[in-house]
Amino acid sequence: KPKTKRAKRFLEKREPKLKENTKNAMLIKGGNANLTVTEVLKDIYAVKKPFAVLYKKKNITRPFEDQTSLEFFSKKSDCSLFLFGSHNKKRPNNLIIGRMFDYHILDMIELGVEKFVSLKDVKNSKCPEGTKPMLIFAGDMFDVNEEYRRLKSLLIDFFRGPSVPNIRLAGLEYVLHFTAVDGKIYMRSYKALLKKSGCKIPRIELEEMGPSLDLVMRRTHLASDDLYKLSLKQPKALKPKKKKNISHDVFGTTYGRIHMQKQDLGKLQTRKMKGLKKRPAEKSAEDGGVSPKKSKSA
C-alpha cells in the first residue's frame with residue numbers, strides 16, 4: 001500500500017486502463033557496444049522522443065540467454081518496448097528489438113547493422129520532436145514469412161507513436177519506409193515537403209532526412225500462438241456493440257436494412273391534377289356496384 005499521496009498517484013498511473021498509455025521504449029547499451037551501435041541508439045532515441053528512455057551506462061547482459069535484467073528495467077521505467085545494442089566478433093553491430101507483455105518478454109528479434117547513415121551525416125532539415133511518422137512496408141516477405149510478419153508488427157508497435165483522433169495535412173511530414181528484399185531489411189526516413197501545384201492538392205516531394213539502416217535478420221525469439229493470442233485480447237468494454245440490420249463494406253460505407261409492411265400502391269396519394277381525377281363510373285366500378293341509368297323524361 002502507498003504511504004504518500006505521490007506514491008498513490010504513481011501507482012494509479014500504472015494500473016490497468018481501458019485505453020492504455022502510449023507505449024514507451026527503453027534503449028539499452030550492451031557491455032561491449034561500439035561507436036556505431038551507440039550512434040544508432042542515439043538516432044532511434046531522437047526519432048522516438050518523448051516516448052523513450054535512453055540508458056547511457058553500459059549493461060553487461062545477453063537477452064537471448066538471460067532476460068531478468070531487461071524485465072527489471074521494463075518494470076522500473078514502465079516501458080513495454082526495448083532496443084538493445086551490442087557488438088562482438090561473432091555478431092558485429094548487433095541490435096535486438098523486442099516487446100513485453102505483463103513485464104515479461106513476448107517477442108524478440110536480433111538484427112545486424114550492415115550500413116548506417118546517421119542524422120548528423122544528412123544535412124537536410126529535420127522534423128520537430130514528437131512528430132508521428134507514416135509507416136510504409138514494401139516487399140512480399142512481410143506478408144509471406146511468419147518471422148518477417150512478426151517483425152512488421154513489432155516495428156509498427158515501436159514507431160507508431162500516440163493514437164490521435166484528428167490529423168491535419170501539414171502534420172503528415174515524416175515518412176519511415178521499410179523494404180524487405182533479398183534477405184535484407186532497408187530502413188529509410190524521409191521528410192515530406194508540400195509544394196505548390198497550381199490546384200488545391202499540393203505536390204509532394206520526399207527529402208531524405210536520416211537515419212538510414214541496412215539490416216539483416218539473425219536470431220528470433222517469438223511468443224507461442226496461445227501467448228500471442230492472449231496479448232491481443234481486448235476488454236469487453238472496448239469491443240464495438242453489434243447493431244442489428246447494419247453492415248459495412250470495405251470502403252467504410254454504412255448500409256442499413258429497414259423492414260416495412262407491404263404497401264397498397266393503389267391508395268398512394270399522388271399529385272392532384274384534373275386529368276388524373278377519377279370519373280364517377282370508375283369510382284362505382286371500384287366499389288363493385290353498377291350505376292343505374294337515369295330514365296329520360298318524356
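Gly 98 lies in strand S4 (helices, H or I with at least four residues, and strands, E with at least two, are DSSP runs numbered from the N terminus). At 0% relative accessibility, Gly 98 counts as buried (buried is under 20% relative accessible area, exposed is over 50%, and partly exposed is in between, with a 1.4 Å probe and protein chains only). Keep in mind that this is a predicted model, where local features need pLDDT of at least 70, side-chain atom pairs count only at pLDDT 80 or more, and totals for chains, interfaces and linings use all residues. Residues are numbered from 1 along each chain as its sequence is written, and side-chain values use heavy atoms, with hydrogens and water left out.

**Around Gly 98**
- Not counting residues up to four places away in sequence, Gly 98 touches Ser 80, Leu 81, Phe 82, Asp 107, Met 108 and Leu 154 (contact means heavy atoms within 4.5 Å).
- Val 122 sits 24 residues from Gly 98 along the chain, and their C-alpha atoms are separated by 28 Å.

**Nonpolar cores**
- The largest nonpolar core has 34 residues, and Ile 44, Leu 83, Ile 97, Leu 111, Leu 151, Phe 158 and Phe 159 touch the most other members (a core is a set of buried Ala, Val, Leu, Ile, Met, Phe, Trp, Tyr and Cys residues joined through side-chain atoms within 4.5 Å).
- Helix H5 (residues 146-159) gives the most to this core, with 6 residues.
- A second, separate core holds 12 residues, including Leu 70, Cys 79, Phe 84 and Ile 96.
- As background, nonpolar side chains tend to be buried together in soluble globular proteins.
- Beyond its neighbours within four places in sequence, Leu 111 has contacts that include Asn 93, Ile 97, Leu 151, Ile 185 and Met 217.

**Largest pocket**
- About 1800 Å³ of space lies in the largest pocket. On a 1 Å grid over the protein atoms alone, a pocket is an open set of points where a 1.4 Å probe fits, with protein on both sides within 12 Å along at least five of seven lines, and lining residues have an atom within 4 Å of a point.
- Of the 41 residues that line the largest pocket, Glu 20, Asn 21, Lys 23, Ser 80 and Ser 231 are the closest to its centre.
- H5 provides the largest share of this lining, 4 residues.
- The lining of the largest pocket splits into 16 nonpolar, 10 polar and 15 charged residues (Ala, Val, Leu, Ile, Met, Phe, Trp, Tyr, Cys and Pro count as nonpolar, Asp, Glu, Lys and Arg as charged, and the others, Gly among them, as polar).

**Second largest pocket and Thr 61**
- The second largest pocket holds about 320 Å³ of space.
- Of its 18 lining residues, Asn 32, Thr 61, Arg 62, Ser 86 and Asn 88 are the closest to the centre.
- Strand S3 (81-86) and S4 each supply at least two residues of the lining of this second largest pocket.
- You'll find Thr 61 in the loop between strand S2 (52-59) and helix H3 (68-77).
- Thr 61 counts as buried because its relative accessibility is 16%.

**Ile 204**
- Ile 204 has its place in strand S9 (residues 203-208).
- With a relative accessible area of 56%, Ile 204 is exposed.
- Leaving aside neighbours within four places in sequence, Ile 204 is in contact with Ala 192, Leu 193 and Leu 194.

How values were computed
Points joined across faces, edges and corners; volume = space filled by probe spheres on them.
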